[in-house]
Amino acid sequence: MAARSISYEFTKGLLRNNPVFVQVLGMCPVLAVSTSVVNGLGMGLATSFVLVSAALIASVIKPIVPSEVRIPVYAVVIATFVTIADLVLRAFFPPLSASLGPYVPLIVVNCVIMGRIEAFATRNRPIAAVSDALGMGAGFTAALMVLGAVREVLGSGAFFGIELFGEGFTPLLVMILPAGAFLTLGVLMAVFNAAKEGSHMVLIKAESKAEA
Amino acid sequence: MSIVVLILSAAIVNNFVLTYFVGICPFIGVSKKIDSALSMGIAVTFVMTITAIVTWIINRFILIQFGLPFLEYVSYIVVIASLVQFVEMFIKKTSPALYRTLGIFLPLITTNCAILFVALLHTMRGYGFIESVVFGIGAGVGFTLAIVIMAGIREQLETADIPRPFQGAAITLIVAGILALAFMGFSGLLSA
């Protein structure tokens, strides 16, 4: 693979290759904890921490890991960092830890992390692996926060816990229920697809004009 | 909690896929055909039940016994990964026909969060041995039910005229949302 710039590795995770909207990976936490922006941010940061640390370690230890047992080895590395993240959350942010509940340990099996380690971190140098992981983590966090914002505004009439609409607003209860998570993500994904198609059209038009 | 209530709760009222959002990856990835969805469901139920048994024993007799609860995640994931490997070898040896049906799905199960979720939840709720096993079976049945229903709907969707941006994962998620709404109707079955 040709070496690409660090900034390329970082930015591809934000939009072009967004782990949630484009790769459709790591759906469980995305759907489960996106009832509010704060939950989304907390989950996104915890996942990013694990992703970056595990990608760095995996990229460094790759030469000494036999390829037959690499998946269990990486799983143990990931589980170790998840344990650290879980203990830190429990000690310093007890309310956030309580509302994320069992979804913090579930970061262990988040396919975004194993996917990036398998597909990128073990095939590249540590610096590239870390910038890729940072970009993917940022893209994941952004997707969680967008989803969290839509659901919190519509479902509880608030943003970051601040009431927005006053007395007259009836919250759409369905938005913070499980069904709302599926519906919101489905619609957001369609919007994302449509926007991407639109920008493609603009590019193609610009190119054909330039050629003419 | 009685056994019947526990099964009903795990399989239908608190369906793993539609209320806890675990096991979404295979739920979206392997729900194109009813046959493969059913095979996946059976494989998951099988691994889930064994996982519930083994992790319960490990938690009770090793982690609690020696005061090592911080090793919970690391030990569970190692157990699940090796269990899946073992189950795969065992089925390959004893029943080649079953292996051909389940074969490709077995390795995928390691990263199915529903499996780890069963282990975490029975630890968190402090279930006894029998309860944990029953919980594992119920959760597996619930997963099978959800993925087979989904596959049935998607077979119909094949011929539907879906707007371009909604094709693929987007429409699948929206269908899952409607399915979750339908399953909410069951929440009146159990009061707790």
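Select helix α2 (residues 27-32) of chain A: with three residues, this helix gives the largest share of the lining of the second largest cavity. Helices (H or I, at least four residues) and strands (E, at least two) are DSSP runs numbered from the N terminus.

Before moving on, note the ground rules. This is a predicted model, where local features need pLDDT of at least 70, side-chain atom pairs count only at pLDDT 80 or more, and totals for chains, interfaces and linings use all residues. Residues are numbered from 1 along each chain as its sequence is written, chains are lettered from A and ligands numbered from 1 in the order in which they are written, and side-chain values use heavy atoms, with hydrogens and water left out.

**Stop 1: the cavity**

Now select the whole lining: A:Gly26, A:Met27, A:Cys28, A:Pro29, A:Leu106, A:Val109, A:Asn110, A:Cys111, B:Cys25 and B:Cys113. The space they line has a volume of about 50 Å³. A cavity is a set of points, on a 1 Å grid over the protein atoms alone, where a 1.4 Å probe fits but cannot get out; lining residues have an atom within 4 Å of a point. The volume is the space filled by probe spheres set on the points, which are joined across faces, edges and corners. Two cavities of 30 Å³ or more are counted.

Colour the lining by class. Eight residues are nonpolar, two are polar and none is charged. Here Ala, Val, Leu, Ile, Met, Phe, Trp, Tyr, Cys and Pro count as nonpolar, Asp, Glu, Lys and Arg as charged, and the others, Gly among them, as polar.

**Stop 2: helix α8 of chain B**

B:Cys113 leads on to the next selection, residues 113-124 of chain B. This is helix α8, with twelve residues. From first C-alpha to last, α8(B) reaches 16 Å, close to the 16 Å expected at 1.5 Å a residue (1.5 Å times one less than the number of residues).

How many residues of α8(B) are buried? Eleven of the twelve are, with buried meaning under 20% relative accessible area, exposed over 50% and partly exposed in between (1.4 Å probe, protein chains only). Among them are B:Cys113, B:Phe117 and B:His122. Beyond the helix comes B:Gly126, with a positive phi near 65°.

Zoom in on B:Val118, which sits in α8 of chain B. B:Val118 counts as buried because its relative accessibility is 0%. Show its contacts (heavy atoms within 4.5 Å). Leaving aside neighbours within four places in sequence, they are B:Phe16, B:Met48, B:Ala52, B:Phe135, B:Gly136 and B:Ala139. Then find B:Thr55: it lies 63 residues from B:Val118 in sequence, yet 9.4 Å away, C-alpha to C-alpha.

**Stop 3: a pocket in chain B**

Next comes the second largest pocket, with about 220 Å³ of space. A pocket is an open set of points with protein on both sides within 12 Å along at least five of seven lines. α9 (129-157) and α10 (169-184) of chain B each give two or more residues to its lining. α9(B) gives the most, three. Lining residues include B:Lys32, B:Arg154, B:Glu155 and B:Thr172. By class, four are nonpolar, three polar and five charged.

**Stop 4: confidence**

Finish by colouring by pLDDT, the predictor's confidence in each residue, from 0 to 100. Chain A averages 82, with 90% of residues scoring at least 70. The mean for chain B is 83, and 95% reach 70 or more.
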